Amino acid sequence: MGVKFMPWILFLHLLVILCSYGDQARELAEKENKFLEFALEGGDKISTNIKDIHHEHKHAHVMDHIDPSLMVFFTLKDLKVGTRMPIHFPKRDPSNSPKLWPKEQADSIPFSLNQLPYILKLFSFSPNSPQAIAMQSTLSECETKPIKGEVKFCATSYESMLEFTHRIIGSKSNLQSFATLHQTKSSVTFQNYTILDTLMEIPAPKMVACHTMPYPYAVFYCHSQESENRVYRVLLEGDNKDKVEAMVVCHLDTSQWSPRHVSFQVLGVTPGTSSVCHFFPSDHLIWVPKLQIHGSSSV
């Protein structure tokens, strides 16, 4: 999976009720503060890092000048029991996050960069607001050409996500999705974690990764790449005893990635010289063909 994941941004908790294409959106004032917090936290990073992974990571020896929220990267050789590394896991409960709309409802609203002025007016956001900047970055990334060997799609509905995933994995395939699970609850988002166990390696001859995007309603950036990838579920324990069943994707071929990719800055490597692995936040999804995998916790 070519890692063109967008920079990690605190996912908005905005619930929007819209009617048909031409109808004015209802007043969003009571929701705007939460979206504002989200946009202010991540909006200034989007323009430069939007094509790179959500929440990138680096090892302790290069921590001094890296935003902690970028700490999710490591290499395949580090994926072993006993490895201790700093990791950022945003604490978001997927059950409380905005859900994908039904296709009919999502399709009733334009999702296009050239329609941004209309969309901003629909949601009552001023053109220079943090919300507008975040939305512009999302739409821009969704319309950017994929890298060589990559197929990408921004899903605004559950149906469109499944259609894209079936197109990649196979129309007759049964699908299975995986997500990171926090076994314990705490407010700590960044700390050292130790790998206690590799719970499973998930066979993924084809896979689709879907990442949440900043927008007034749920949007997922989904993509797949032809190069070899490996998918794992690992058990982590934080210094404060937090337990996390974390999803990991390792990309074995990075030769087509941009040299400016954040993972290379974090790991001190160059395109094509190293594998790049990264952890998934709890509200991101990994889709694979459904297989009989004992001990899995699919969603």
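Predicted model: local features only at pLDDT ≥ 70, side-chain atom pairs only at ≥ 80, totals over all residues.
Which residue in β10 does Leu236 stand opposite?

**View 1. Strand β9 and its pairing with β10.** Leu236 stands opposite Val244 in β10. Strand β9 spans residues 229–238, and β10 comprises residues 243–251. The two strands run antiparallel and are joined by nine bridges. In the hairpin that they form, four residues lie between the strands, and Lys241 adopts a positive phi near 80°.

**View 2. Strand β9 and its pairing with β6.** Strand β6, residues 190–202, pairs with β9 in the antiparallel sense through eight bridges. Thr194 has Glu237 of β9 as its bridge partner. Strand β9 is mostly covered, with eight of its 10 residues buried.

**View 3. The two faces of helix α3.** Helix α3 covers residues 116–123, and its buried residues include Leu116, Ile119, Leu120, Leu122 and Phe123. These residues cover an arc of only 160° around the axis and therefore lie on the same side of α3. The face turned away from this buried side carries the exposed residues Pro117 and Lys121. Among the elements that cover the buried residues of α3 is α4 (130–143). After α3 comes Ser124, which has a positive phi near 60°.

**View 4. Val266 in helix α6.** Val266 belongs to helix α6, which spans residues 262–267. Val266 counts as buried because its relative accessibility is 1%, and buried means under 20%. Val266 and Ile66 are separated by 200 residues in sequence, while their C-alpha atoms are 7.7 Å apart in space.

Terms used
Residues numbered from 1 in each chain as written. Heavy atoms only, no water. Buried < 20%, exposed > 50% of the residue type's maximum accessible area, 1.4 Å probe, protein only. Pairing = 2+ DSSP bridges. Arc of directions from axis to C-beta. Contact = heavy atoms within 4.5 Å.
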